[in-house]
Amino acid sequence: MGLKRIIKKGLGLGEMGFTKGGGNINWFPGHMAAATRAIKHRLKISDLVIEVRDSRIPLSSAHPGLQPQLSAKRRVIALNKKDLANPNILNKWVRHFDSCKQDYIAINAHSRSSVQKLLELVELKLKEVISREPTLLVMVVGVPNVGKSALINSIHQIALSRFPVQEKTKRATVGPLPGVTQDIAGFKIAHRPSIYVLDTPGVLVPSIPDIETGLKLALSGSIKDSVVGEERIAQYLLAVLNTRGTPLHWRHLNNRTEVSQSETENKHEYNLKDLRPKRRKPPNASDVTYIEDLVTGVQRALHVSLSEFDGNVEDENDLESLIEQQFEVLQRALKIPHKASEARLMVSKKFLTLFRTGKLGPFILDDVPDANSGF
(Lines give C-alpha, C1' and ligand atoms only; values in the text may rest on other atoms or scores of the structure.)
Protein backbone atom coordinates (compact mmCIF):
# COMPACT_ATOMS: atom_id res chain seq x y z
CA MET A 1 0.00 0.00 0.00
CA GLY A 2 2.83 2.38 0.85
CA LEU A 3 3.20 5.08 3.45
CA LYS A 4 2.12 7.81 1.05
CA ARG A 5 -1.29 6.26 0.50
CA ILE A 6 -1.74 5.64 4.23
CA ILE A 7 -0.92 9.27 4.95
CA LYS A 8 -3.35 10.59 2.38
CA LYS A 9 -6.22 8.17 2.90
CA GLY A 10 -6.05 7.18 6.53
CA LEU A 11 -4.56 10.17 8.30
CA GLY A 12 -6.34 12.81 6.29
CA LEU A 13 -3.12 14.64 5.47
CA GLY A 14 -3.73 14.84 1.76
CA GLU A 15 -5.04 18.38 1.63
CA MET A 16 -2.04 20.23 2.95
CA GLY A 17 -2.45 23.51 1.10
CA PHE A 18 1.00 23.15 -0.50
CA THR A 19 0.08 25.54 -3.31
CA LYS A 20 0.44 29.24 -3.76
CA GLY A 21 -2.69 30.90 -2.43
CA GLY A 22 -4.13 27.56 -1.30
CA GLY A 23 -6.96 28.60 1.03
CA ASN A 24 -5.67 30.60 3.97
CA ILE A 25 -2.17 29.21 3.54
CA ASN A 26 0.38 31.34 1.71
CA TRP A 27 3.83 29.96 2.33
CA PHE A 28 5.38 31.36 -0.87
CA PRO A 29 5.78 35.07 0.00
CA GLY A 30 6.86 37.73 -2.46
CA HIS A 31 10.48 37.78 -1.32
CA MET A 32 10.82 34.09 -2.31
CA ALA A 33 9.62 34.78 -5.85
CA ALA A 34 11.98 37.73 -6.20
CA ALA A 35 14.86 35.80 -4.65
CA THR A 36 14.32 32.86 -7.01
CA ARG A 37 14.65 35.17 -10.00
CA ALA A 38 17.79 36.77 -8.54
CA ILE A 39 19.34 33.39 -7.78
CA LYS A 40 18.77 32.14 -11.33
CA HIS A 41 20.35 35.33 -12.69
CA ARG A 42 23.44 35.10 -10.47
CA LEU A 43 23.86 31.41 -11.14
CA LYS A 44 24.88 32.39 -14.66
CA ILE A 45 27.96 34.26 -13.40
CA SER A 46 28.88 31.93 -10.53
CA ASP A 47 31.98 29.78 -10.91
CA LEU A 48 30.81 27.13 -8.45
CA VAL A 49 27.67 26.37 -6.50
CA ILE A 50 27.46 24.84 -3.04
CA GLU A 51 24.00 23.31 -2.84
CA VAL A 52 23.19 22.75 0.82
CA ARG A 53 20.79 19.94 1.61
CA ASP A 54 19.54 18.37 4.83
CA SER A 55 21.23 15.01 5.42
CA ARG A 56 17.95 13.66 6.80
CA ILE A 57 16.21 14.35 3.46
CA PRO A 58 18.99 14.31 0.82
CA LEU A 59 16.52 14.17 -2.05
CA SER A 60 13.46 15.98 -0.71
CA SER A 61 15.57 19.03 0.26
CA ALA A 62 16.73 19.55 -3.33
CA HIS A 63 15.07 22.53 -5.02
CA PRO A 64 13.43 21.00 -8.13
CA GLY A 65 13.07 24.36 -9.88
CA LEU A 66 16.81 25.04 -9.74
CA GLN A 67 18.11 21.59 -10.65
CA PRO A 68 18.41 22.25 -14.43
CA GLN A 69 20.64 25.27 -13.75
CA LEU A 70 22.58 23.60 -10.92
CA SER A 71 23.35 20.49 -12.93
CA ALA A 72 24.97 22.66 -15.60
CA LYS A 73 27.37 24.30 -13.09
CA ARG A 74 30.33 23.14 -11.07
CA ARG A 75 28.47 21.92 -8.04
CA VAL A 76 29.25 20.48 -4.64
CA ILE A 77 26.31 19.11 -2.67
CA ALA A 78 26.84 19.73 1.03
CA LEU A 79 24.77 17.31 3.09
CA ASN A 80 24.41 19.36 6.25
CA LYS A 81 23.28 18.25 9.73
CA LYS A 82 25.06 14.94 9.34
CA ASP A 83 25.08 14.66 13.13
CA LEU A 84 21.29 14.24 13.00
CA ALA A 85 21.35 11.61 10.23
CA ASN A 86 21.59 7.84 10.57
CA PRO A 87 25.22 7.12 9.56
CA ASN A 88 24.44 3.71 8.08
CA ILE A 89 21.81 5.07 5.73
CA LEU A 90 23.90 8.16 5.02
CA ASN A 91 26.67 5.86 3.79
CA LYS A 92 24.19 4.38 1.30
CA TRP A 93 23.43 7.89 0.06
CA VAL A 94 27.17 8.50 -0.28
CA ARG A 95 27.46 5.48 -2.53
CA HIS A 96 24.46 6.74 -4.51
CA PHE A 97 26.10 10.11 -5.15
CA ASP A 98 29.29 8.30 -6.13
CA SER A 99 27.38 6.24 -8.68
CA CYS A 100 25.89 9.45 -10.10
CA LYS A 101 29.38 11.01 -10.31
CA GLN A 102 28.20 13.98 -8.26
CA ASP A 103 30.58 15.83 -5.94
CA TYR A 104 29.27 15.84 -2.38
CA ILE A 105 30.37 16.02 1.22
CA ALA A 106 28.51 15.37 4.47
CA ILE A 107 29.07 18.21 6.93
CA ASN A 108 28.09 19.78 10.21
CA ALA A 109 27.96 23.52 9.52
CA HIS A 110 28.76 24.27 13.16
CA SER A 111 31.98 22.23 13.06
CA ARG A 112 35.10 24.09 11.93
CA SER A 113 36.91 20.93 10.82
CA SER A 114 33.88 19.76 8.86
CA VAL A 115 33.52 23.07 7.01
CA GLN A 116 37.29 23.11 6.43
CA LYS A 117 36.95 19.87 4.46
CA LEU A 118 34.19 21.43 2.38
CA LEU A 119 36.42 24.42 1.56
CA GLU A 120 39.22 22.09 0.52
CA LEU A 121 36.87 20.35 -1.89
CA VAL A 122 35.64 23.68 -3.25
CA GLU A 123 39.21 24.90 -3.81
CA LEU A 124 40.04 21.66 -5.59
CA LYS A 125 37.06 22.08 -7.90
CA LEU A 126 38.04 25.72 -8.59
CA LYS A 127 41.69 24.94 -9.26
CA GLU A 128 41.31 24.94 -13.03
CA VAL A 129 39.52 28.31 -12.94
CA ILE A 130 41.87 30.09 -10.50
CA SER A 131 44.69 30.24 -13.03
CA ARG A 132 42.72 32.41 -15.46
CA GLU A 133 40.19 34.37 -13.38
CA PRO A 134 41.11 37.19 -10.94
CA THR A 135 37.76 37.01 -9.15
CA LEU A 136 35.69 33.94 -8.43
CA LEU A 137 32.12 33.64 -7.20
CA VAL A 138 30.89 30.75 -5.09
CA MET A 139 27.13 30.68 -4.58
CA VAL A 140 25.45 28.93 -1.65
CA VAL A 141 21.88 27.84 -2.36
CA GLY A 142 19.27 25.63 -0.77
CA VAL A 143 15.75 25.41 0.56
CA PRO A 144 14.95 27.16 3.87
CA ASN A 145 16.47 25.98 7.14
CA VAL A 146 19.07 23.58 5.77
CA GLY A 147 21.86 25.56 7.43
CA LYS A 148 23.10 27.88 4.69
CA SER A 149 23.67 30.88 6.96
CA ALA A 150 25.34 28.75 9.63
CA LEU A 151 27.67 27.46 6.92
CA ILE A 152 28.41 30.99 5.70
CA ASN A 153 29.28 32.08 9.21
CA SER A 154 31.66 29.16 9.67
CA ILE A 155 33.31 29.86 6.31
CA HIS A 156 33.72 33.47 7.32
CA GLN A 157 35.42 32.55 10.58
CA ILE A 158 37.81 30.21 8.78
CA ALA A 159 38.55 32.87 6.15
CA LEU A 160 39.44 35.45 8.80
CA SER A 161 42.08 33.10 10.20
CA ARG A 162 43.45 31.96 6.84
CA PHE A 163 43.45 35.01 4.57
CA PRO A 164 44.43 38.69 4.95
CA VAL A 165 40.92 39.98 4.51
CA GLN A 166 41.18 43.79 4.63
CA GLU A 167 37.59 44.89 4.26
CA LYS A 168 35.10 44.99 7.08
CA THR A 169 32.99 41.88 6.75
CA LYS A 170 29.70 40.82 8.24
CA ARG A 171 28.32 37.49 9.30
CA ALA A 172 25.12 36.07 7.94
CA THR A 173 22.10 36.15 10.21
CA VAL A 174 21.12 32.75 11.58
CA GLY A 175 17.54 32.31 12.71
CA PRO A 176 15.47 29.42 14.04
CA LEU A 177 12.76 29.97 11.43
CA PRO A 178 13.00 29.14 7.72
CA GLY A 179 13.45 32.05 5.34
CA VAL A 180 15.34 34.41 7.67
CA THR A 181 17.91 35.45 5.04
CA GLN A 182 15.90 37.49 2.55
CA ASP A 183 18.64 39.26 0.58
CA ILE A 184 21.54 38.00 -1.50
CA ALA A 185 24.74 39.15 0.21
CA GLY A 186 28.37 38.63 -0.74
CA PHE A 187 31.20 37.73 1.64
CA LYS A 188 34.83 37.99 0.61
CA ILE A 189 36.72 35.00 1.93
CA ALA A 190 40.07 35.17 0.15
CA HIS A 191 42.58 37.27 -1.83
CA ARG A 192 44.72 36.26 -4.81
CA PRO A 193 42.42 35.33 -6.31
CA SER A 194 39.52 37.13 -4.72
CA ILE A 195 36.83 34.64 -3.82
CA TYR A 196 33.38 35.78 -2.84
CA VAL A 197 30.76 33.54 -1.29
CA LEU A 198 27.20 34.60 -2.00
CA ASP A 199 24.62 33.67 0.60
CA THR A 200 21.05 33.46 -0.64
CA PRO A 201 17.66 33.19 1.04
CA GLY A 202 16.09 29.79 1.20
CA VAL A 203 13.54 29.40 -1.56
CA LEU A 204 10.95 26.76 -2.38
CA VAL A 205 8.82 26.10 -5.43
CA PRO A 206 5.32 27.68 -5.44
CA SER A 207 3.71 24.26 -5.06
CA ILE A 208 4.69 20.82 -3.82
CA PRO A 209 2.55 18.25 -5.62
CA ASP A 210 4.00 15.29 -3.72
CA ILE A 211 2.37 15.10 -0.29
CA GLU A 212 5.10 13.12 1.42
CA THR A 213 7.86 15.42 0.13
CA GLY A 214 5.96 18.36 1.61
CA LEU A 215 5.62 16.58 4.95
CA LYS A 216 9.32 15.72 5.03
CA LEU A 217 10.19 19.37 4.40
CA ALA A 218 7.81 20.41 7.16
CA LEU A 219 9.20 17.83 9.58
CA SER A 220 12.77 18.99 8.96
CA GLY A 221 11.75 22.63 9.41
CA SER A 222 12.01 23.89 5.83
CA ILE A 223 8.35 24.89 5.89
CA LYS A 224 7.06 26.83 8.87
CA ASP A 225 5.04 24.73 11.30
CA SER A 226 2.18 27.21 11.13
CA VAL A 227 1.69 26.42 7.44
CA VAL A 228 1.07 22.71 7.93
CA GLY A 229 0.20 22.52 11.62
CA GLU A 230 2.30 20.91 14.34
CA GLU A 231 -0.28 18.19 14.92
CA ARG A 232 -0.24 17.09 11.30
CA ILE A 233 3.56 17.01 11.26
CA ALA A 234 3.62 14.99 14.49
CA GLN A 235 1.08 12.55 13.02
CA TYR A 236 3.36 12.08 10.02
CA LEU A 237 6.39 11.49 12.24
CA LEU A 238 4.51 8.87 14.23
CA ALA A 239 3.34 7.22 10.99
CA VAL A 240 6.95 7.00 9.78
CA LEU A 241 8.25 5.65 13.09
CA ASN A 242 5.50 3.04 13.34
CA THR A 243 5.64 1.77 9.75
CA ARG A 244 9.42 1.44 10.03
CA GLY A 245 9.15 -0.27 13.41
CA THR A 246 11.63 2.18 14.94
CA PRO A 247 10.13 2.09 18.49
CA LEU A 248 10.68 -1.68 18.60
CA HIS A 249 14.43 -0.95 18.68
CA TRP A 250 13.93 0.89 21.97
CA ARG A 251 12.93 -2.26 23.89
CA HIS A 252 16.06 -2.06 26.07
CA LEU A 253 14.62 1.07 27.68
CA ASN A 254 12.05 -1.02 29.49
CA ASN A 255 14.86 -2.32 31.68
CA ARG A 256 15.70 1.15 32.96
CA THR A 257 14.40 2.20 36.31
CA GLU A 258 11.52 4.63 36.26
CA VAL A 259 12.41 8.06 37.62
CA SER A 260 10.18 9.07 40.48
CA GLN A 261 8.17 12.28 40.41
CA SER A 262 10.14 13.64 43.38
CA GLU A 263 13.40 13.25 41.47
CA THR A 264 12.19 15.29 38.51
CA GLU A 265 9.86 17.82 40.03
CA ASN A 266 12.59 20.50 40.19
CA LYS A 267 13.72 20.07 36.59
CA HIS A 268 10.55 20.77 34.64
CA GLU A 269 11.32 24.41 33.92
CA TYR A 270 13.95 23.69 31.26
CA ASN A 271 12.61 24.86 27.89
CA LEU A 272 13.14 22.30 25.15
CA LYS A 273 13.42 25.18 22.64
CA ASP A 274 16.84 25.88 24.13
CA LEU A 275 18.04 22.64 22.54
CA ARG A 276 17.86 24.24 19.10
CA PRO A 277 21.06 25.54 17.46
CA LYS A 278 21.89 29.17 18.24
CA ARG A 279 19.15 29.24 20.88
CA ARG A 280 20.89 26.81 23.16
CA LYS A 281 21.42 27.66 26.81
CA PRO A 282 24.03 25.44 28.44
CA PRO A 283 21.99 22.98 30.53
CA ASN A 284 23.16 22.24 34.03
CA ALA A 285 23.45 18.71 35.40
CA SER A 286 19.85 18.55 36.55
CA ASP A 287 18.64 19.82 33.14
CA VAL A 288 20.61 17.10 31.38
CA THR A 289 19.10 14.46 33.63
CA TYR A 290 15.62 15.88 33.06
CA ILE A 291 16.03 15.81 29.26
CA GLU A 292 17.43 12.28 29.29
CA ASP A 293 14.56 11.05 31.45
CA LEU A 294 12.05 12.82 29.22
CA VAL A 295 13.49 11.22 26.08
CA THR A 296 13.61 7.81 27.73
CA GLY A 297 9.99 8.18 28.79
CA VAL A 298 8.92 9.09 25.26
CA GLN A 299 10.82 6.20 23.70
CA ARG A 300 9.54 3.74 26.28
CA ALA A 301 5.95 4.90 25.76
CA LEU A 302 6.17 4.49 21.99
CA HIS A 303 7.85 1.10 22.33
CA VAL A 304 5.15 -0.23 24.63
CA SER A 305 2.30 1.16 22.52
CA LEU A 306 3.66 -0.38 19.31
CA SER A 307 4.73 -3.72 20.81
CA GLU A 308 1.30 -4.19 22.41
CA PHE A 309 -0.56 -3.07 19.30
CA ASP A 310 -2.52 -5.97 17.79
CA GLY A 311 -3.45 -4.23 14.55
CA ASN A 312 -1.66 -3.81 11.21
CA VAL A 313 0.42 -0.65 10.77
CA GLU A 314 0.07 -1.08 7.00
CA ASP A 315 -3.68 -0.59 7.34
CA GLU A 316 -4.60 3.09 7.39
CA ASN A 317 -7.44 2.67 9.89
CA ASP A 318 -5.34 0.62 12.29
CA LEU A 319 -2.45 3.05 12.01
CA GLU A 320 -4.70 6.02 12.68
CA SER A 321 -6.04 4.29 15.80
CA LEU A 322 -2.50 3.56 17.01
CA ILE A 323 -1.43 7.17 16.53
CA GLU A 324 -4.41 8.39 18.53
CA GLN A 325 -3.36 6.09 21.39
CA GLN A 326 0.21 7.34 21.13
CA PHE A 327 -0.82 10.98 21.49
CA GLU A 328 -2.31 10.02 24.86
CA VAL A 329 0.77 8.15 26.07
CA LEU A 330 3.03 10.93 24.82
CA GLN A 331 1.05 13.46 26.84
CA ARG A 332 1.88 11.52 29.99
CA ALA A 333 5.50 10.90 28.98
CA LEU A 334 6.04 14.59 28.22
CA LYS A 335 4.48 15.52 31.56
CA ILE A 336 1.76 17.68 30.03
CA PRO A 337 -1.21 18.30 32.38
CA HIS A 338 -4.16 16.10 31.44
CA LYS A 339 -6.60 19.02 31.41
CA ALA A 340 -4.38 21.39 29.48
CA SER A 341 -6.61 23.20 26.99
CA GLU A 342 -4.08 22.79 24.20
CA ALA A 343 -2.54 19.51 25.34
CA ARG A 344 -2.46 17.96 21.86
CA LEU A 345 -0.66 20.97 20.40
CA MET A 346 1.80 20.99 23.29
CA VAL A 347 2.48 17.28 22.75
CA SER A 348 3.14 17.89 19.07
CA LYS A 349 5.52 20.81 19.67
CA LYS A 350 7.60 19.01 22.29
CA PHE A 351 7.69 15.76 20.33
CA LEU A 352 8.85 17.56 17.18
CA THR A 353 11.54 19.44 19.12
CA LEU A 354 12.96 16.18 20.46
CA PHE A 355 13.06 14.74 16.95
CA ARG A 356 14.53 17.82 15.27
CA THR A 357 17.30 18.14 17.82
CA GLY A 358 18.28 14.49 17.42
CA LYS A 359 17.24 13.45 20.92
CA LEU A 360 15.19 10.54 19.53
CA GLY A 361 18.25 9.33 17.64
CA PRO A 362 19.71 9.90 14.16
CA PHE A 363 17.27 9.49 11.30
CA ILE A 364 16.98 9.72 7.52
CA LEU A 365 13.52 10.10 5.99
CA ASP A 366 14.39 9.67 2.30
CA ASP A 367 14.86 6.21 0.85
CA VAL A 368 17.93 5.74 -1.33
CA PRO A 369 16.83 5.72 -5.00
CA ASP A 370 18.31 3.56 -7.70
CA ALA A 371 21.25 4.84 -9.71
CA ASN A 372 19.03 6.06 -12.55
CA SER A 373 16.78 8.22 -10.39
CA GLY A 374 19.14 11.19 -10.17
CA PHE A 375 19.94 13.27 -7.13
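Here is a question to start. Which backbone nitrogen does the side chain of asparagine 80 reach? Look at alanine 109. The asparagine 80 side chain comes to 2.9 Å from the backbone nitrogen there. Asparagine 80 sits in strand β2, which covers residues 75-80. Its relative accessibility is 3%, so asparagine 80 counts as buried. Leave out residues up to four places away in sequence, and asparagine 80 still touches Val52, Arg53, Asp54, Ser55, Ile107, Asn108, Ala109, Val146 and Gly147.

A word of caution before we go on. This is a predicted model. The average pLDDT of the protein is 80, and 75% of the residues score at least 70. Residues 15-26 stay under 50 in pLDDT. For that stretch the model has 25 contacts beyond four places in sequence. Residues 172-177 are also below 50, and here the model shows 16 contacts beyond near neighbours in sequence.

Next, glutamine 67. Is this residue buried or exposed? Glutamine 67 has a relative accessible area of 17%. The cut-off for buried is under 20%, so glutamine 67 is buried. Its place is in helix α3, residues 67-71. The glutamine 67 side chain makes a polar contact, at 3.0 Å, with the side chain of glutamate 51. Setting aside neighbours within four places in sequence, glutamine 67 is in contact with Glu51, Arg53, Ala62 and Arg75.

On to the strands. β4 spans residues 135-141, and six bridges join it to β6. The two strands run parallel. Now look at β6 itself, residues 194-199. Five of its six residues are buried, so β6 is largely enclosed by the rest of the structure.

Now some helices. Take α5, residues 112-130. Where does this helix bend? The bend is at leucine 124, by about 30°. Several α5 residues are buried, including Ser114, Val115, Leu118 and Leu119. Further along the helix, Leu121, Val122, Leu126 and Val129 are buried too.

Helix α7 runs over residues 211-220 and is mostly covered. Nine of its ten residues are buried. Among them are Ile211, Glu212, Gly214 and Lys216. After α7 comes glycine 221, with a positive phi near 100°.

That brings us to backbone angles. Most residues other than glycine have a negative phi. Two residues here go the other way. Lysine 101 is not a glycine, yet its phi is positive, about 55°. Lysine 101 belongs to the loop between α4 (87-99) and β3 (104-106). Its relative accessible area is 77%, so lysine 101 is exposed. Asparagine 145 also has a positive phi without being a glycine, near 65°. The loop between β4 and α6 (148-162) holds asparagine 145. At 22% relative accessibility, asparagine 145 is partly exposed.

Last stop, the interior. In soluble globular proteins, nonpolar side chains tend to be buried together. The largest nonpolar core here has 80 residues. Which of its members touch the most other members? They are Ile50, Leu118, Leu151, Val298 and Phe351. Apart from that core lies another, of ten residues, among them Leu43, Leu66, Met139 and Leu198.

Let's zoom in on phenylalanine 351. Helix α13, residues 343-356, contains phenylalanine 351. The relative accessible area of phenylalanine 351 is 1%, so this residue is buried. Now trace the chain back to alanine 234. Phenylalanine 351 and alanine 234 are 117 residues apart along the chain, but their C-alpha atoms are separated by 7.2 Å. Beyond neighbours within four places in sequence, phenylalanine 351 is in contact with Ala234, Leu237, Leu238, Leu241, Val298, Leu302, Leu330, Leu334 and Leu360.

Valine 298 is on that list. Not counting residues up to four places away in sequence, valine 298 touches Leu330, Ala333, Leu334, Phe351, Leu354 and Leu360.

That's the tour. Over to you for questions.

Methods. Residues are numbered from 1 along each chain as its sequence is written. Side-chain values use heavy atoms; hydrogens and water are left out. The bend at a residue is the angle between axes fitted to the seven residues ending there and the seven starting there. Helices (H or I, at least four residues) and strands (E, at least two) are DSSP runs, numbered from the N terminus. Buried means under 20% relative accessible area, exposed over 50%, partly exposed in between (1.4 Å probe, protein chains only). pLDDT is the predictor's confidence in each residue, from 0 to 100. Contact means heavy atoms within 4.5 Å. Two strands pair if DSSP finds at least two bridges between them. A polar contact is a pair of N or O atoms within 3.5 Å; within protein, one must be able to donate a hydrogen and the other to accept it, and residues adjacent in sequence count only if both atoms are side-chain atoms. A nonpolar core is a set of buried Ala, Val, Leu, Ile, Met, Phe, Trp, Tyr and Cys residues joined through side-chain atoms within 4.5 Å.
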